[in-house]
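Here is a short note for a first look at this entry.

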Amino acid sequence: NELTRIQRELVRRVSAEILTQLLEALVEDNVLNELEKESILEKNPFRANKARDLFNTVIKKGDQACSKTIHHLRALDSYLCSELRLCSASSCTEGAVEKCQLELKSSLKKRFECVFEGIAKAGSTAFLNQIYTELYITDGGTGEIRGFTDPQKEEYFKKRFRDVDQASRIMNHIKTSRSLHIMCHIPVFCWITATVLEDVLETSEGGELPSTLTEMYIHFLVVQTKLKKVKYDGGAEIDSHWSPENRKTIESLAKLAFHQLQKGNLIFYESDLTECGIDIRAASVYSGVFTQIFKEERGLYQDKVFCFVHLSVQEFLAALYVHLTFINSRINLMEDQPSSLRNFVNWIFSKLNLTRLHQSAVDQALKSPNGHLDLFLRFLLGLSLETNQTLLQGLLPKTGSSSQTNQETVQYIKKKISENVSAEKSINLFHCLNELNDRSLVEEIQQSLSSESFSTDELSPAQWSALGFILLSSDEDLEVFDLKKYNASEEALLRLIPVVKVSNKVQLKDCNLSERSCEALASVLSSLSSKLTEVDLSNNNLQDSGVELLSSGLKSPHCKLETLRLGSCKLSGRTCEVLSSVLSSQSCCLREIDLKNNNLGDSGEKLLTGSNCTLEIFRNFWSDLPPPFRKPDGVRWLKPDSCQLTIDTNTANRELKLSEDNRKVTREKDLQSYPDHPDRFDDWAQLLCSNGLTGCHYWEIEWRGAVFISVSYREIERKGYTDGTVFGWNDWSWSLKCYDKDY
């Protein structure tokens, strides 16, 4: 049932507050009885254990109990239910529309492997910059909810190719071409790759397999056009597949792809097709014939909605249109119109230069705030190579590849890499160099890395970017990224942020970081493609302002961070307020926070150890105590273990002065006028608290000077100067001597 499907995520994400309310609601609804509720609460000290016990109990009771539980969950936490796709059963008009939207979006995601977050009524458009569509070129997560892991990639190709040797050859080829291997995180790209390689292996035995993205998408276009020629036009496989009709079809789709990409549109309507010369009556034929390139979908209110099978296909066709337009008409679609006569003359001459087209495209891609021109740029540059033009012979006029033009483009890209562009942008520029078959910068750094005298202290911005690209493209496991292996500096971290994004754990301890780094890390944590589950920022001068910047990422619904270490970061109680707000967020995954060696104060720490807190582990100063003065491994510092101690006035030695609330002790030269009592320590300046403790507990004490902090059985002797009366010198007491700076 539905509850079983989402049980694991519910256990991980449901808050303690919602859990308590849900228990009460289920008792009132006769799903649970009071005894079952109390058993769940008492047996399980941790939130996750309570949740697991509750849902196991409900599932055992059958479908009706599960249905009631889901009903109450919707009422208590609609956001979480939406995230877990618990569809509403509301029969009202608004509910029906919402359900229709969810179903449509789900269908689009399944068929197009893209995220559509804003599909509204007919006539409206969905803009790339208004919905979540980052391209994540660094790890192949093109705006998708989920992608293939490495084992899933291999499983896909093994199932697609029954021949074991053939499947192995294909996987080895993909791994050697890192750009292909990275993109295979996208399920649709795996399908495109399999389609292409299957055709190449059948038609050109022993031939070279495509090794760049541009080659792969050119082959894909050719394969689909040949399929149309044979299946629908009645032609033979040896016939030319670039008939006038097919050329016109592809050119029209390419024009649509470019104009809609410029506008930032993922979905299109009939009017968009008409503008590009696509006959509305023939649109369904395009959709049916080119089912692998272009799809037609029904939107709300039964209006036709069109979309390319994947955003990368739209970008490839858009690049093809820009290249075709330049070759056929000498028009540079990537450059703005001139504003004066002199500029017009310069503009006319520059438009005849292919290098200028490429430079304009590079500039436009770098200006794009969300990276939606990144793949487009790679395709456009790749189309300039003669080898790729040969593959499209019949559709693309063969102009030849000018080595001078390509070299000028390469130098322009290298110049941009050396400038102050973002780390993500520079990584994509390296992918562009790959499409142009230039690996000089990467080879330069690889040679330096193999040298014993290699040092990152003198790396240029371009070389830092090359290092980041190498790390992302290598076969090395990026489970843990340790900045100190390269350079313990803020500049190094900012240059290697794309590497941080694809790592699971990041070690940044003692790396001279400031709040500037926190802002960059917040961006990573907010990213849909971020894999970070553990970050160590200890021993950096972050201060409260840095944690506040970091909190924006921690509150993001995309943040997966479970462990955060902020020891010795010059933090105060203000940080506890910020983190308390983070923990109250329903999407928060944090389970462990380390704040050792910070001046948090009692009130600050209470915010992070309250009964509503979802933390499983909270580390402060006392967590650093060595055995036997700290809790054993596996015991967690939790609010239920803490205790407030009150002094037993009848045990206080007369040298000790007590505060009015019996919470503070001061040793004085003048004796206090305490009455005689059999429990009082007459000779040693010591006392006991009135609390009698059994089980596991901790408490916190502030002191100045030299003091003994002790635990003792009440049977300890009270009279005389013998070992039996002083804490720590007998078998029924233990003592820790503490000084101002050590113990």
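1. The side chains of K414 and D438 form a salt bridge, at 3.9 Å from N to O. The model is predicted. K414 sits in helix α21 (residues 403-418), and D438 in the loop between α22 (423-435) and α23 (440-449), so the pair ties together parts 24 residues apart in sequence. K414 is buried, at 19% relative accessibility. D438 is buried too, at 13%.

2. How many salt bridges does the whole structure hold? A search finds 26. One of them joins E198 to R160, with the closest N and O atoms 3.2 Å apart. That pair links helix α11 (residues 187-203) to helix α8 (residues 150-160), across 38 residues. E198 is partly exposed at 30%, and R160 is partly exposed at 27%.

3. E38 pairs with K37, the closest N and O atoms being 3.9 Å apart. E38 is partly exposed, at 31%, whereas K37 is buried, at 7%. Shared partners join E24, E34, K37 and E38 into one salt-bridge network.

4. Look next at the aromatic rings. There are twelve aromatic pairs. In one, F681 and F727 have ring centres 5.5 Å apart and planes at 75°, so the pair is edge-to-face. F681 lies in the loop between β10 (665-667) and β11 (707-712), and F727 in the loop between β11 and β12 (733-738), 46 residues apart. Both F681 and F727 are buried. Elsewhere, F189, Y217, F316 and F379 form one aromatic cluster.

5. The search for disulfides finds zero. For C190, the nearest cysteine sulfur is that of C184, 4.0 Å away. C190 is buried, with a relative accessible area of 0%. C511 is also buried, at 0%.

Key. Residues numbered from 1 in each chain as written. Predicted model: local features only at pLDDT ≥ 70, side-chain atom pairs only at ≥ 80, totals over all residues. Heavy atoms only, no water. Disulfide = S-S within 2.5 Å. Buried < 20%, exposed > 50% of the residue type's maximum accessible area, 1.4 Å probe, protein only. Phe/Tyr/Trp six-rings, centres within 6.5 Å; stacked < 30°, edge-to-face > 60°. Helix = DSSP H or I, 4+ residues; strand = E, 2+ residues; numbered from the N terminus. Salt bridge = Lys/Arg side-chain N within 4 Å of Asp/Glu carboxyl O.
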